Amino acid sequence: MLAVYKRDLRAYFTSPLGYVFIAAFLIITNLVFLVTNLLTGNNAIGTVYTVILYILIIIVPVLTMRTFSEDYKQRTDQLLLTAPVKASGIVMGKFLAAYTVYCIALLFTIIYVIIVAAVGDVNMASIVGNYIALLGVATVYISIGCFISSLTENQLVSAIATLGVFAALFILDMAYSLVNVDWIKTVLYWVSIFRRYNTFYLGVFSVADFFYYISISAVFIFLTVRVLEKKRWS
């Protein structure tokens, strides 16, 4: 797993992809921080974290589109599948490489906290809750992206399909506010990534909601492992 992780992490920064992801992430978040905090003197940076939650819908497909598709296209997947590495190790190595790039981008946003704390009071419980939630949400997004990438050798198809899944999740979340039937709202809440984020946004750590994020990501990592095992034995 470690060899796959190092290989893929290096690939993100020997190509423009890692830099493009981090740059896009920071351009948007910096702009939001400038408009909602620096120009207004507001010391509540929750808006920045909310925007991050939604911009991941657009930029994570770019981050994960090549995880497996690139290997399929270059035929280097045969080297991985015949190597003495378990399919689970390959998947986890690739997942963690993409997740590391995301964490690097997210790490830069701590500067916002430092700036706001230097000029006023900050709600640290809310800030910590937001970071925990954003780390949890990212596991879901990236695991879904990796799974879809494992199904095709076309990076563009992988990115569009991943974006389509994320858009569907967003629409389901919007539907939650429009329906009045209790059992439907219960179902929509269960599949909603965004509704569960609200608890963390308020600074309350919810073990159940965090476990939900980890569980969903584990399901998609498992499915990706199954795809690779099928390719290995076919």
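The model is a predicted one.

**Stop 1: colour by confidence**

Start with the whole protein. Its pLDDT averages 88, and 100% of the residues score at least 70. Now select helix H5, residues 77–82. Confidence is lowest there, at a mean of 72. Then select helix H6, residues 87–107. Confidence is highest in helix H6, at 94. Where pLDDT is low, the predicted coordinates should not be read in detail.

**Stop 2: Thr 47**

Select Thr 47. This residue sits in helix H3, which covers residues 46–64. Is Thr 47 buried or partly exposed? Its relative accessibility is 37%, so Thr 47 counts as partly exposed. Show what surrounds it. Beyond its neighbours within four places in sequence, Thr 47 is in contact with Val 32, Thr 36 and Tyr 201. Next, draw a distance from Thr 47 to Ala 23. Their C-alpha atoms are separated by 19 Å, and the two residues are 24 apart along the chain.

**Stop 3: the nonpolar patch**

A nonpolar patch lies here, made of Leu 31, Leu 34, Val 35, Leu 38, Leu 39, Ile 104, Phe 108, Ile 111 and Ile 115. Together these residues have about 780 Å² of accessible area. Which helices each supply at least two residues of the patch? They are helix H2 and helix H7, the latter covering residues 110–119. Helix H2 gives the most, with four residues. Click on Leu 34, which lies in helix H2. Leu 34 has 34% relative accessibility, so it counts as partly exposed.

**Stop 4: Arg 7 and Asp 71**

Now look for charged pairs. Side chains of opposite charge can pair when their charged atoms come close. The whole structure has six salt bridges. Select Asp 71 and Arg 7 to see one of them. The closest N and O atoms of this pair are 2.7 Å apart. Asp 71 lies in helix H4 (residues 69–74) and Arg 7 in helix H1 (residues 2–14), so the pair ties together parts that are 64 residues apart in sequence. Compare the two ends. Asp 71 is buried, with a relative accessible area of 4%. Arg 7 is partly exposed, at 33% relative accessibility. Arg 7, Asp 8, Asp 71 and Lys 94 are linked in a network of salt bridges.

**Stop 5: Glu 153 and Arg 75**

Select Glu 153 and Arg 75. These residues form a salt bridge, with the closest N and O atoms 3.3 Å apart. The pair links distant parts of the chain, 78 residues apart. Glu 153 is in the loop between H8 and H9, and Arg 75 is in the loop between H4 and H5. Glu 153 counts as partly exposed at 40% relative accessibility. Arg 75 is exposed, with a relative accessible area of 51%.

**Stop 6: Thr 152**

Stay in that loop and click on Thr 152. The loop runs between helix H8 (124–149) and helix H9 (155–176). At 18% relative accessibility, Thr 152 counts as buried. What is Thr 152 in contact with, leaving aside its neighbours within four places in sequence? The residues are Ser 69, Tyr 72, Val 157 and Ser 158.

**Stop 7**

Go to helix H12, residues 207–233. Select Glu 229 and Arg 226, which both lie in this helix. They are three residues apart, about one turn of the helix. Their salt bridge has its closest N and O atoms 2.7 Å apart. Both ends are partly exposed: Glu 229 at 28% relative accessibility, and Arg 226 at 47%.

**Stop 8: the cysteines**

Finish with Cys 103 and Cys 146. How many disulfides does the structure hold? The count is zero. The sulfur of Cys 103 is 13 Å from the closest cysteine sulfur, in Cys 146, which is too far for a bond. A disulfide needs the two sulfur atoms within 2.5 Å. Cys 103 is partly exposed, with a relative accessible area of 26%. Cys 146 is buried, at 1%.

Note on methods: Residues are numbered from 1 along each chain as its sequence is written. This is a predicted model: local features need pLDDT of at least 70, side-chain atom pairs count only at pLDDT 80 or more; totals for chains, interfaces and linings use all residues. Side-chain values use heavy atoms; hydrogens and water are left out. Buried means under 20% relative accessible area, exposed over 50%, partly exposed in between (1.4 Å probe, protein chains only). Patches are made of residues with over 30% relative accessible area and no salt bridge: like charges are joined within 9 Å, nonpolar side chains (Val, Leu, Ile, Met, Phe, Trp, Tyr) within 5 Å. Accessible areas come from the Shrake-Rupley method with a 1.4 Å probe; for residues, only the protein chains shown count as cover. A salt bridge is a side-chain nitrogen of Lys or Arg within 4 Å of a carboxyl oxygen of Asp or Glu. Contact means heavy atoms within 4.5 Å. pLDDT is the predictor's confidence in each residue, from 0 to 100.
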